[in-house]
Amino acid sequence: MSNIGELAVKIHNWRAGVGKHKSTQQKSANPLRAGAISAAAINWTAFFDPIDTHPDIVLAGVAARSLAKAEAQIAHYNLKDVKAYGSYEELLADPNIDVVYTALPNGLHAEWAIKAMEAGKHILVEKPIASNASDVEKIKQCSIRTGKVVLEAMHWQFHPVAHAVREEIESGKHGKILSFRARMTLPRGTLSADDIRLKYDLSGGATMDLSYVLSAASYFCGLDSTTSIDIQKAVPRLSPGDPKIDEAMDVEFVLTDHETGVEAFCTTHGDLLEPKLLGIVPRYWNMMPSCAIELEKSQISLDNFVGPHMSHSIDIIEKDSKGNATGKKRSLHFYKGGPKWGDRGEAWWTTYRYQLEAFVEMVRNVQQGKNHTMPPCWLSLDESQLVMSVIDAVYENAGLPKRESRGLVA
Ligand SMILES: NC(=O)C1=CN([C@@H]2O[C@H](COP(=O)(O)OP(=O)(O)OC[C@H]3O[C@@H](n4cnc5c(N)ncnc54)[C@H](OP(=O)(O)O)[C@@H]3O)[C@@H](O)[C@H]2O)C=CC1
Ligand SMILES: O=C1OC[C@@H](O)[C@H](O)[C@H]1O
């Protein structure tokens with residue numbers, strides 16, 4: 001799957017002429033020195049590529065469980081001045097590394113996020129940040145204790161598209177939210193049978209991997225500490241090979257804001273192995289992740305909320321006084337700008353590049369003792385934990401065991 005993401009970003013970069021920006025990018029006098037824990041397939045897309053166009057961070061190391069694998073990834077991407085480490089511990093022990101990115105299997109995120117912070121590193125952790133909400137609490141406590149930055153790489157929330165749609169909703173001009181729908185599917189055949197996403201011991205499952213749909217419900221419906229979450233129905237399609245793994249999950253839930261009394265009825269659909277049409281044709285045409293938000297006065301649809309840098313559509317259709325859709329449609333596009341980034345950013349920045357911009361700024365703020373100065377856009381651990389608690393509740397309602405982190409002492 002990560003290879004498809006890489007191909008998509010390579011096509012995007014080629015179309016947008018990003019190579020020119022990479023070759024002319026000047027680095028600051030003392031850039032942050034970054035290391036990757038694991039030679040994961042997503043490393044280039046989510047971390048190495050955005051580093052190339054950021055002035056204040058360089059890639060300095062890649063660690064894998066074997067030195068040969070780390071060296072192979074460095075050679076594959078022709079990375080210059082990057083050290084290979086034969087274990088994650090070695091990279092964490094290196095004082096030359098300031099910040100770490102990790103795309104380990106989900107069940108190892110919490111353990112290595114904590115180890116990284118205890119080794120004095122700031123860390124960007126792939127989504128979902130942990131196996132369950134109580135492990136996010138352990139990450140949070142460690143971040144407070146060590147004073148290190150930790151950020152869940154929920155990259156789409158850093159893109160101007162997310163902010164523009166949320167601003168429309170929060171403006172009040174469309175009335176209250178009535179319902180929310182989101183879907184994301186991978187056609188059967190995209191994942192190999194031994195993929196980490198299909199292993200319970202590594203905290204796999206569709207609800208975990210496609211946590212984007214729940215994060216979108218949370219982000220657009222304004223889930224916060226004043227909201228209650230009531231899962232009404234969670235229907236999994238179980239893996240024939242492992243009945244603890246949800247290949248797919250359909251969820252219906254209500255988010256109630258106790259301050260405003262607003263109830264948002266949410267439905268999400270995630271499928272890691274969407275059955276082929278007639279058992280033969282992979283449904284690639286369904287792959288575009290989408291959201292639909294029904295408000296009192298309008299319907300907002302957002303296509304490709306996960307990878308909006310490639311292309312996206314935001315359509316706002318007005319409703320008449322009876323609540324029926326009129327033909328009046330407004331279409332928006334946001335490749336840069338929006339309510340959070342303003343003049344900052346470039347139309348060719350990927351979601352990952354926006355995310356890196358925020359991460360580096362937060363690390364610099366903390367290094368300068370400005371712990372409460374936030375980047376234009378941020379995702380707090382409290383927000384990550386709330387989404388993780390929705391994931392826990394979904395598994396409970398579906399009658400499936402909560403995912404457990406590996407290697408974490410209670
Ligand atoms: N933000 C995004 O767009 C995306 C995010 N992701 C997230 O990134 C993470 C990794 O995904 P992806 O890159 O596709 O995964 P990969 O399978 O390619 O990489 C996982 C890495 O984990 C390491 N690892 C350590 N222990 C184990 C173990 N017991 N079994 C298997 N691997 C192990 C391996 O590292 P080593 O190199 O040391 O052998 C491997 O390279 C997931 O959390 C996923 O949700 C994935 C794709 C897209
Ligand atoms: O962006 C993504 O797309 C598909 C998933 O399997 C992957 O883990 C995810 O982050």
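# Close-up views of the predicted model

**View 1. Helix α8 and its packing partners.** The buried residues of α8 pack against β7, α10 (212-221), β11, β12, β13 and α11 (338-341). Packing rests on contacts, that is, C-beta atoms placed from the backbone and lying within 7 Å. The model is predicted: local features need pLDDT of at least 70, side-chain atom pairs count only at pLDDT 80 or more, and totals for chains, interfaces and linings use all residues. Residues are numbered from 1 along each chain as its sequence is written, while chains are lettered from A and ligands numbered from 1 in the order in which they are written. Helices (H or I, at least four residues) and strands (E, at least two) are DSSP runs, numbered from the N terminus. In α8, which spans residues 160-170, the buried set is Pro160, Val161, Ala162, His163, Val165, Glu168 and Ile169. Buried means 20 or more other C-beta atoms, placed from the backbone, within 10 Å of a residue's own; exposed means 12 or fewer, and partly exposed lies in between. Just after α8 comes Gly172, with a positive phi of about 85°.

**View 2. The open sheet of 8 strands.** The strand order is β8-β9-β10-β7-β11-β12-β13-β14, and the pairing is mixed. Paired strands share at least two DSSP bridges. β8 (227-239) and β14 (325-332) each have a single partner strand, so they form the edges, and one side of each has no neighbour in the sheet. From one strand to the next, the twist averages 15°. Axes are lines fitted to C-alpha atoms, for helices over the stretch in contact; angles run from 0 to 180 degrees between N-to-C directions.

**View 3. Helices lying across the sheet.** Helix α8 lies across β7 (177-187), β11 (290-295), β12 (298-303), β13 and β14. Its direction makes an angle of about 10° with β13. Helix α13 (residues 381-398) lies across β8 and β9 (242-257). Relative to β8, helix α13 runs at about 55°.

View 4. β8 and β9 are antiparallel and pair over 12 bridges. A hairpin through 2 residues joins β8 to β9. Asp230 stands opposite Val254 in β9. The antiparallel pairing of β9 and β10 covers 9 bridges. One pair of bridge partners is Ala248 and Asp271, the latter in β10.

View 5. Strand β13 (residues 313-319) pairs with β14 over 5 bridges, in the antiparallel sense. Ile317 has Lys329 of β14 as its bridge partner.

View 6. Most residues other than glycine have a negative phi, and most peptide bonds are trans. From Lys127 to Pro128 the peptide bond is cis, with omega near -15°. Pro128 is in the loop between β5 (122-125) and α7. Leu278 has a positive phi near 55°. The loop that holds Leu278 is between β10 (263-274) and β11. With 6 other C-beta atoms within 10 Å, Leu278 is exposed. Asn304 is not a glycine, yet its phi is positive, about 60°. Asn304 is in the loop between β12 and β13. It is partly exposed, with 19 other C-beta atoms within 10 Å.

**View 7. Domain 1 against domain 2.** The domain assignment, automatic or from a database, gives domain 1 (1-154 + 351-380) and domain 2 (157-344 + 385-398). Their centres, taken over C-alpha atoms, are 25 Å apart. In domain 1, 25 residues are in contact with 27 residues of domain 2. On the side of domain 1 that touches domain 2, α1 (2-16), α7 (133-146) and α12 (351-367) are the elements that give two or more residues. That side has 15 nonpolar, 7 polar and 3 charged residues. Nonpolar covers Ala, Val, Leu, Ile, Met, Phe, Trp, Tyr, Cys and Pro; charged covers Asp, Glu, Lys and Arg; the others, Gly among them, are polar.

**View 8. The shell around ligand 1.** Both domain 1 and domain 2 give residues to this shell, so ligand 1 lies between them. Of the 24 residues around ligand 1, the nearest are Ser38, Ala39, Ala40, Ala41 and Ile42. Shell residues have a C-beta atom, placed from the backbone, within 6 Å of the molecule. By class, the shell around ligand 1 holds 14 nonpolar, 5 polar and 5 charged residues.

**View 9. The shell around ligand 2.** Met1, Gly5, Leu186, Arg197, Asp209 and Val306 surround ligand 2. They divide into 3 nonpolar, 1 polar and 2 charged residues.

Technical notes: Contact = placed C-beta atoms within 7 Å.
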